[in-house]
Amino acid sequence: MIEVSNLTRSYPGVVAVNGISFKVEKGEIAGFLGPNGAGKSTTMRILTCFIAPTSGSATVAGFDVIRQSMDVRRRVGYLPESNPLYTEMRVEEYLHYRARIKGVAPAERAKRVDGVLERVSLTDRRRCIIQHLSKGLRQRVGIADAIVHNPEIVILDEPTIGLDPAQVREIRELIRALGKEHTVLFSSHILSEVEKVCARVLIINRGRLVEQGTPEEIANRLMKTGRVRLEIRGEGRAMKETLETVPGVARILWAQKGDLNTYVVESSDGRDVRGDLFRCCASKGWEVLELAYERLSLEDVFTLLTETVPQEAAP
Amino acid sequence: MSRLAALVRRELGVYFVSPLAYITLTALLLISAVAFYGSVKGAVAARAPGDFQGPLFAVVMVVIFSSPLVTMRLLAEEKSKGTIEILLTAPVTEAQVVLSKFLATIALLVFLLAPTFGYALILARYGSVDFGQVFCGYLGVLLLGGALYSLGIFVSSLCSSQITAGLITFAVVILLLIANIVPVENPTLRQIQEFLNLGNNLGDFIKGVVDSSRLVLLLSISGFFLFLATRILETRRWR
């Protein structure tokens, strides 16, 4: 349904999205997870034809987002991050207008609008002026707009941002229900939310896709590769390079605070590398403050992937 | 076509939800009424036939000065509120968006002008009115309004604040009004200056003369700025 390959979008001085590739299958609810500024919105704006990619390609429902933009737009429902609405209009009036510009046939329009109002439980507020609605209700108007033309794909950018917990739960239920009829791609910077709703998670950070799979898959993958947490005092980069030569070490994430270095060492095929690491440190005479085996929750994985990586990448 | 109609209807709706349409209409009626009263009184005193040029001139002034207010929010507000994102991710083209805004302003102008036709009817009741001249004058106002509005839409497409858009449009409009006072020697420049001057462009129409060069000029200006505004909107995708 959505196929993105090697997508890059740069703004002057910033690469917002850096060569990401992924696929979302028909009928799937996929969650786009990443901290603020990771490139989620940019990617979604490309998929909805609002902006064009600098390089790479994306097809949505089988149509290219640049060359067949109109075909894409007809098949996609989109809720932008800030949920912009024409606030001076009435709910019903707004949805009729949106249905009309999205090409819903006149005969079906009233039925579609009634249907989506029912769907987002706004039927009793249909005559309200949007400006007078609370943020949660406005969010539902935005979602109603996204699905009013019965699109194949629904793209929701941070649909729960700024809502209270009860509203968040409502919207989450709504997204889950949408997943039964539409392919849904939605973004969030809150892990628990994505974990609860999505069949598949795409974790993005600094414009790069760092992990993808079902929440269990990601957790298992990272938990299976034994993870060792190692804290050493000293010159971080040189030590990291040395540690990488220890047999069985697959990847090292590194965070630094003063002369205190925290490494998260991933070993390949679940091998326990604690002994080897200890011997390596001992032979160099490094001051080891902590050496522990780690069990990770998805929360930890997310934190590691999105916070430790950039520090490692920093010069 | 249905899409364009929906877009125009929404744009027009905004004018009537906000006080803008009513305030402009009130100002227009007040000012033109004063001008009408003055011109009739003058005509009676001089025992001359009453004429419609005075009130129409007042109408033109209001149209000119209100044009920045009418156009400033059109695209700038869509950008500042972010609604441009829902507009241009729906299956509508940039050209449709720009054209719909332009058509809405023209529809608003027709709505504003309509009541002033009453003056012509009153004149016709007590004297003779050359309705050809009256309609020609209205045609001129519509053409001039169209040119100014498309200019305003273009400026609005460049700005993300409607106040900025309004001020810039206002400055350009004033510049066009007073373009004549700068003495220019070069004959080519002189001619350009003649063409740019708003008063010149309208004078003949109000007198009842349809000057085809003016007609083409005003229509071209409208087309040109609408084209530019469309292009500006399109560049959004690549910036």
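This is a short tour of a predicted model with chains A and B, moving from one selection to the next.

**Stop 1: the two domains of chain A**

Start by colouring chain A in two parts: domain 1 covers 2-213 and domain 2 covers 220-313.

**Stop 2**

Now select the strands S2, S1, S4 and S5 of chain A. Read in that order, these four strands make an open sheet with antiparallel pairing. At its edges sit S2 (14-24) and S5 (63-64) of chain A, each of which pairs on one side only. Zoom in on S1 (residues 2-11) of chain A and its neighbour S2(A), which are joined in the antiparallel sense by seven bridges. One bridge to pick out is that of A:Tyr11, whose partner in S2(A) is A:Val14.

**Stop 3: an enclosed helix**

Move on to helix H3 (residues 91-101) of chain A. Why is H3(A) described as largely enclosed by the rest of the structure? Because eight of the 11 residues of this helix are buried. Show side chains for the buried set, which includes A:Val91, A:Tyr94 and A:Leu95, and also both A:Arg98 and A:Arg100.

What do these buried residues pack against? Select helix H4 (106-119) and helix H5 (135-147) of chain A, then H1 of chain B: those are the partners. Before leaving, click on A:Gly103, which follows H3(A) and has a positive phi near 80°.

**Stop 4: where the chains meet**

Display the contact between the chains, to which chain A and chain B bring 19 residues each. On the chain B side, helix H1 (2-17) and helix H5 (83-87) each supply at least two residues. H1(B) gives the most, with seven residues.

**Stop 5: the nonpolar cores**

Next, look inside. The largest nonpolar core has 131 residues, and those with the most contacts within it are A:Ala144, A:Ile155, A:Ile175, B:Leu144 and B:Ile153. Helix H8 (residues 131-158) of chain B provides the largest share of this core, 12 residues. Centre the view on B:Leu144: leaving aside residues up to four places away in sequence, B:Leu144 touches B:Val60, B:Leu198, B:Asn201, B:Leu202 and B:Leu218.

There is also a second, separate core of 12 residues, with A:Val228, A:Met239, A:Val273 and A:Leu277 among them.

**Stop 6: strands around S13 of chain A**

Strand S11 (residues 227-233) of chain A pairs with S13(A) over seven bridges in the antiparallel sense. Here A:Val228, already met in the second core, stands opposite A:Val265 in S13(A).

Strand S12 (residues 249-257) of chain A also runs antiparallel to S13(A), with eight bridges joining the two. Look for A:Ala255, whose bridge partner in S13(A) is A:Thr262. S12(A) and S13(A) form a hairpin with two residues between them. Finish at A:Gly258 in that turn, where phi is positive at about 65°.

Notes. Residues are numbered from 1 along each chain as its sequence is written. Chains are lettered from A and ligands numbered from 1 in the order in which they are written. This is a predicted model: local features need pLDDT of at least 70, side-chain atom pairs count only at pLDDT 80 or more; totals for chains, interfaces and linings use all residues. Two residues are in contact if their C-beta atoms, placed from the backbone, lie within 7 Å. A nonpolar core is a set of buried Ala, Val, Leu, Ile, Met, Phe, Trp, Tyr and Cys residues joined through C-beta atoms within 7 Å. A residue is buried if 20 or more other C-beta atoms lie within 10 Å of its own, exposed if 12 or fewer, and partly exposed in between; C-beta atoms are placed from the backbone. Two strands pair if DSSP finds at least two bridges between them. Domain bounds come from an automatic or database domain assignment.
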